[in-house]
Amino acid sequence: MSTLNPTAGTLAGHGHGDGHSHGAHHNPGFISKYIFSTDHKVIGIQFLITTLLMLFVGGGLALGVRWQLAFPWRELPIFGRLLFGSQGAGISPEFYTMMFTMHATVMIFLVIIPILAGAFGNFLIPLQIGADDMAFPVLNMLSYWFMWPAIFLFGASFFVEGGAAAGGWTSYPPLSGIQQAAPASGMGQTLWLLAVTCVGVSSMMGSVNYMTTIINMRAPGLTLFRLPMTIWGMFITAILQAFALPVLTAAGFMLVFDRLLGTTFFVPGGLVVNNAAPTVGGGQALLWQHLFWFYSHPAVYIMLLPAMGMVSDILACFSRKPLFGYRPMVYSMAAIAGLGFIVWGHHMFTSGMNPALGMTFMVSTMMIALPSAVKTFNWLGTMWGGNIQFTVPMINAIAFVSMFVVGGLSGIWMASVPTDIYFHDTYYIVAHFHYVLFGATLFGVFGSIQFWFPKMFGRMMSERLGKLHFILTFIGFNGTFFPMHLLGIAGFPRRLADPYQYPVFEHLRPLNQGMTYFAILMGFAQFILLFNFFYSMFKGKKAGRNPWNANGLEWTAPSPPGHGNFESVPVVYRGPYEYASPLVEADYLMQTTFVAHEDRHVDPDQIEHHA
Amino acid sequence: MNRFWCLFFVASAVLAVVVFSIGPACGWWFPGVAASPLGQQIDDLFYLILAITGVTFIGVHAVLGYILWKFTGKDGKRADFQHGSHTLEVVWSIVPAGVLLFIALYQMDVWAAFRMKSRFDQEALANPIAEVTARQFEWRIRYPAPGKVLQDTPQPDDLYTVNDLHAPAGKPVVIKLRSEDVLHSFFLPHLRVKQDAVPGLVIPVWFEANEPKAYDLVCAELCGWGHYKMRGQLTAQPQADFDAYMQKLKETQFDDGFKEAAGE
Amino acid sequence: MRFSSLSIICLGGMSLALAGCGQPPEPLFAPSAKATVLVPAAQSLVSESLVENFGTPNKLVAWQQFPINYGSAEPTASDAGRHDEGWRLREGRNLYMVHCLHCHGVAGDGAGSTSRFLNPRPRDYRQGVFKFKSTAGGMKPSTADLHRTLVEGIPGTYMPSFVLLGQEQIGLLADYVKWLSIRGEFEEKLAGGMGKAGATSEELRKSYKDKRESDKSITYEAVENEILDDIRKELPETLTERAQDLTDDWLAGENPENATFPKAKRVLPDAASIARGRELFLSKDVKCSDCHGPTGRGDGPMTEQFIKITDSDRSYDTPGFRDFWGQPIVPRNLTRGVYRFGRRPIDLYRKVKNGIHGTPMPAISNRVTEEQIWDVVNFVMSLPFGGKESASPGEADRDDGEAKVAEAAGS
């Protein structure tokens, strides 16, 4: 019903009536309420908890990688004797390649993408646009449950002959295309490709849903340019997903065909691997790189834009000041998304593609730095002249800005082809994308969790534990990843199980050991978050509707919102960032608050109707 | 207490600058000054971008620090009610755009010198010194016989070695890069040269070592479980030594073992 | 909450860390298959004498009897003949653990973690059988041969070249491999001997059954003790004998007189020699083509046969050759120009002359002359070039080469 309904203009027939009739003849049992739920809030929280647990899996794998880099071939604590007992209890080289591959895979496909789009997208979109649910609730439920086959396949791949995929998360053929090329290029790689397809289906269902919901189900008065930045981030991300994902899916199937059916899209003829019969056919190894990065570069923005949006909300709220340059913020986000489609070649500067293409991609890549810079300046502008409250969400958001600057600036070396010749596939790249994906996105996510937690569970998270978690994570993060810039400058390549076999890198061992200690600190700090999360869920301080005195529509709903979200249809009079407005005494002015004599661009009929 | 966060973030930025400044002193920096003319140009570009980004980084964090100090929340205080500034937006769009475009255009030349075949040293391009074939997990090297030109297919008088690529120093040389199985990458950190070896393609790569000495050859593209085992070496030698090396290689490779027996 | 919760977290983390950090059991060299079939008492006899004479991976024992340069170490007071561990042995072990362990395994049994994905499988040194060597037949390789394999790697396999480790480290590795091989072969022979004496569980059950038929009162333990007592009694002597045999074998391999060298210079690889070589290659006498195929592609008719399993009257389920270690093996495709033992004429000469130990490749017939061997070698070396010209320094066609230079420069 609500799926067919919504046009913002017709107030009387809008969602809330439906929501109530929904609740009246609907008394769901535990399973349909908490497990196979079609309620966007439950699905969002399911996504959140699943991805947080996956964060620990991915983090554990990362610690294994760090251990090997600091103490190659030395006995791995706890797990070493279990896994490699008969062979010296150190990590074996093929297991090392599995670890970094699956670390990236888990973090990208099971943590960052679903925690942004899945968890926060689901939870926030209907609440922030004043809808009672998503446009397609069943599709929404399916999008969550399609994560599980992926998790199962990724997990199972560790136990098949040869182990989990080990060709890097980029899975470049022929390494991933020829079954004999590595132990894990057998069954493990096939499972990996199928799992990524499942994640893709999940994302695509979400993407269709978000676009439809945001276009069709906004509350009366909520014009596009009154949307919070979070919604803009989710909207643009959904569009990116919808256009980029089919390419990866198609490429994934082509690779599966290469592996199982004997097609040769990506594998050239005449290759002899592990003494198998020479390959036949005339595939092109670079084709995969083009197709893969055509998805995966936009995917970088899929992993960033929603966090940018959420951080914008948090920064404005705790600066108690309107967002600086709302429209430039929206335009720059759109520009990032648009340019994101024509920069994929910068991953391939040393790949042997036509050098003239390299020049083209260099210019487009340089230009994509521009909207990012504009956004940074606007965030600073937002804080300038504010009345800054250092809450846990705010310090995480400030960390987002600070870390994003580091990650953005280090990207300029990569955009510039001559320096990228040197930095390609070194730790400089690793430093760069961890600063963007962890330093920016994940700090944004940590802030967002604590910001919207009261809305999710009706209780506040502990500020003290939140600050402790932030400080330890921030120190651990910078201690781990900042020295990676230096490693990169020293030419230290990625993905080497024992870099010290090269005399030129031997002197970097102490640096790596120091970084590993910081990584362990950072890893253990996440248990504080986990504890804070679950403890506060049951024992936290009770929160009212609007604990942060914020403006957004979600704060007009009860905490936690009931089925159907809003008691009455919210009518929107203004954008979400009217903090410190002179129109009212309080330093915030909610989107739904009616103020007489305000110059607002809303259809007068609607206001009269509402009043 | 609220000032704490200002100090916290400023301290982290200061620490970042400090780490970058002491990096070279601790040896955590480039593996020596670039050992090739092209590498020198790449280093210059690196330092140019470092200057630009360094100024930006310090500037942004100085502003951030000032904001966190000055605008810390106080009870009863009220933030400015301000939605943005058209002028500022224009300024901070155009200035970075100009800088970025400058960086992009300024370095086209170095890129062209590295990869555009028309900009290669034509004599070196016509006489590649060797074909380097990467395979799991080593570099197999095929030289033409002294005085001959490298052919695309193996010749009866070709000379073979493994992992240790010899080349004359002080002049541009070209190798032909191939792969026998999966992707590899030919990386000479001291010379700032990197080129993927792509199965199915033969890619000419040029480099010039300034000094006659041994440089590390690193594989920089994941090629399987033994990726770390692909340690190689570029031995740059004066031309005369290089010629002598090739002669010796020829004698060793076509050794029929007879002389030793005669010596008994 | 506050501090109580913090302490819970810390305690949880610490207990998690401690759970994994108990006292580690002393790592051991994995026992060989011949030892694991023995009855427990015999197994412990084998492992005790191995630990006594060779030590454990973390605490090596340098048995001075063997021709290995262990490096100096203080002799222990109790046993003047056996040193604690020499520094060269220890350093060799350390290098081995970084560079070799993952394929060849801690015990040199070719069963490292990566080994089962490799084709061909990494060498199991414990049999004391080596393919790539300068000596004839079943003789041990010289240290120089092991050295050469480490320097050159084995093209066409996953055995990489370690040339960049430098002479010093390669020497340490070669000696450690030799030591591992001696240790392994010692174990194989010792356990094998006990097995032959009836100390395997299977044999023991059989003899118990036999003896029961004549004497109903005999117990299983009595039969076991009888056999074990014999073994124990002879053990000191057996140990000395085995050690002496191994010493002699390796010294023989080291003897320069045992290295194979041609008695004639390489025949000029002209068309005539290649044609003669081809004839021999296809001939009934020499029979190269039975396995390597008439065109040298390694697809001769013999590769279609079912091969008998060693020490058994059954055949393998699939056709094709097996090597000494029971792994499938194919005759080399000679047209690819990949030579595992090396591409020097002397390397190919040795292979043709001596065959390859541990594989079905036999030594060439005694009736074939030195010149004829060179003809075969010349033919084999011409196969990558379509049989037209053989790999050679090519002084003869220098003019042609210069023409090519001119042509290429002009284009």
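I started with the domains: chain A is assigned domain 1 (304-524) and domain 2 (544-611), with bounds from an automatic or database domain assignment. This is a predicted model, where local features need pLDDT of at least 70, side-chain atom pairs count only at pLDDT 80 or more, and totals for chains, interfaces and linings use all residues. Residues are numbered from 1 along each chain as its sequence is written, with chains lettered from A and ligands numbered from 1 in the order in which they are written.

I looked up the spacing next: the C-alpha centres of domain 1 and domain 2 of chain A are 33 Å apart. Their contact takes 14 residues from domain 1 of chain A and 13 residues from domain 2 of chain A; two residues are in contact if their C-beta atoms, placed from the backbone, lie within 7 Å.

On to the chain contact, where I get 82 residues from chain B and 93 residues from chain A. H2(B) gives the most to the side of chain B that touches chain A, with 13 residues. That side of chain B has 48 nonpolar, 20 polar and 14 charged residues.

Most residues other than glycine have a negative phi, and most peptide bonds are trans.

I noted a cis bond from Ser559(A) to Pro560(A), omega near -10°; Pro560(A) is in the loop between helix H18 (509-539) and helix H19 (604-610) of chain A. Another cis bond joins Asn119(C) and Pro120(C), with omega about 0°.

Asn275(A) has a positive phi of about 60°. Buried or exposed, or in between? With 14 C-beta neighbours inside 10 Å, Asn275(A) is partly exposed; buried takes 20 or more other C-beta atoms within 10 Å, exposed 12 or fewer, with C-beta atoms placed from the backbone.

Arg192(B) has phi near 60°, also positive, and sits in the loop between E6 and E7 of chain B. I counted Arg192(B) as buried because it has 27 C-beta neighbours inside 10 Å.

How values were computed:
Helices (H or I, at least four residues) and strands (E, at least two) are DSSP runs, numbered from the N terminus. Ala, Val, Leu, Ile, Met, Phe, Trp, Tyr, Cys and Pro count as nonpolar, Asp, Glu, Lys and Arg as charged, and the others, Gly among them, as polar.
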